[in-house]
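Dear colleague,

Please read them alongside the coordinates.

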Amino acid sequence: MGKYFGTDGFRGKAGVNLTVEHAYKIGRFLGWYYSDNGKKKAQIVIGKDTRLSSYMFEYSLVSGITASGADAYLLHVTTTPSVAFVTQSEDFDCGIMVSASHNPYYDNGIKLINSQGEKMDEETILKVEEYIDGKIPEIPFASMDNIGVTVDFFAGRNRYIAYLLAQARKSFKNYKVGLDCANGSAYNIAKIVFDALGAKTYVINNHPNGTNINTNAGSTHIEGLQKFVVENGLDVGFAFDGDADRCLAVDENGEVVTGDAIMYLYGMYQKERGHLTNNTVVTTIMSNFGLYKAFDAAGINYEKTDVGDKYVYENMVKNGHIIGGEDSGHIIFSKYATTGDGLLTAIKVMEVMLASKVSLSELTKGFVKYPQLLVNVRVTSKEEVNNDAEVQAEVKKVAEALGDSGRILVRQSGTEPVIRVMVEAATDEECHKYVYQVVDFIKAKGYEAKA
């Protein structure tokens, strides 16, 4: 993991630890790097979400890219998966998405996408960081007719919409579908897609003003959609996050259908039809224990990766698996996309409902979510806690006590001096008991950081 770029790009508070200078330098480096030091004219596509600062970062990136002699193609407000799709399908050298995903409006981020529509490789990201830190000699400015141009590229977004429409196998006619666009990137795409597919579409949170993205809306605040689905008698609802690479669903009863539940129903659907490649679904270590119990009962194998859809996708590509994701709603269908795509996920859930001719609640009956408790402990040293044999012995003691009726997961935060202790068990009481058995042990050993 780099100094600025984590598993999901360069993210921070706009104007504080992510500035227009950062964006300009990223544009300068990428424009020069993909132009092969002036030997060719690179083409880079850019998308952005609806937050206030996305415009200034977009323009800063464009300034850097064109000053280095490359051309910048603007998709304007669009989704992260659409940038990935366009980058790959239109043969761009790379893609950039300006978004902080599910974060509040005052944060922003810059996500880099390679020419294959995948998250950028670590080697290139480290070179970008070296340039930001002044470790690479200054890049020459383009001049005269070598200066890059900017192109409005609405056509790319339209092709992405056409691609989504082509993924639906049947009409959504007679289905009442709710969409929560989180006042984000999906606001100008989602309704178009579902209307075109024949659904009777009901939309909320599709009036972005620059500061209301993700505010009491979308997949991180799904209670609004739950109420909306019940009040309007809808068949199903889908909630996206700020850049629409996530999707959670709500069934006809107003119950939340998480990413784990979506992976379950789609995995079952593919297995029943003999199409679940390798009979395997890829999850992260944070998927619910109930998902694994449900897969065991169904005879479906699973693999676990580190947290981050990037790692899920890497596993899928390496091993040829077709479905994977995170409970948060990053679901990857590797036959159709290189990244999590909220709109594609919604279409695939509809596909299963239409093919099965049953309600969403019926499709998820076999998945029973286990109670879970996660407690964060701010510590003086994550490494010392991880390497403490007595702490590990205490964790092992809990794991043995839980047996095959639950699990404990202890991991360190990638960005904070925090140890996360999570237990899943049959009851809330068991979760509380075993989480605090380990948390209190860590504190008793003197690792807790004092405020």
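**Notes on the model**

Tyr105 is partly exposed, with a relative accessible area of 33% (buried means under 20%, exposed over 50%, partly exposed in between, with a 1.4 Å probe and protein chains only). This is a predicted model, in which local features need pLDDT of at least 70 and side-chain atom pairs count only at pLDDT 80 or more, while totals for chains, interfaces and linings use all residues. Residues are numbered from 1 along each chain as its sequence is written, and side-chain values use heavy atoms, with hydrogens and water left out.

Tyr105 sits in the loop that runs between strand E5 (94-98) and strand E6 (107-113), where helices (H or I, at least four residues) and strands (E, at least two) are DSSP runs numbered from the N terminus.

Ten of the 14 residues of H2 are buried, so the helix is largely enclosed by the rest of the structure; among them are Phe57, Leu61, Val62 and Ile65. The cover over the buried residues of H2 includes helix H1 (20-33), strand E3 (43-48) and strand E4 (71-77). After H2 comes Gly69, with a positive phi near 100°.

Asn315, in helix H10 (residues 309-319), counts as buried at 13% relative accessibility.

Best regards

Methods: Contact means heavy atoms within 4.5 Å.
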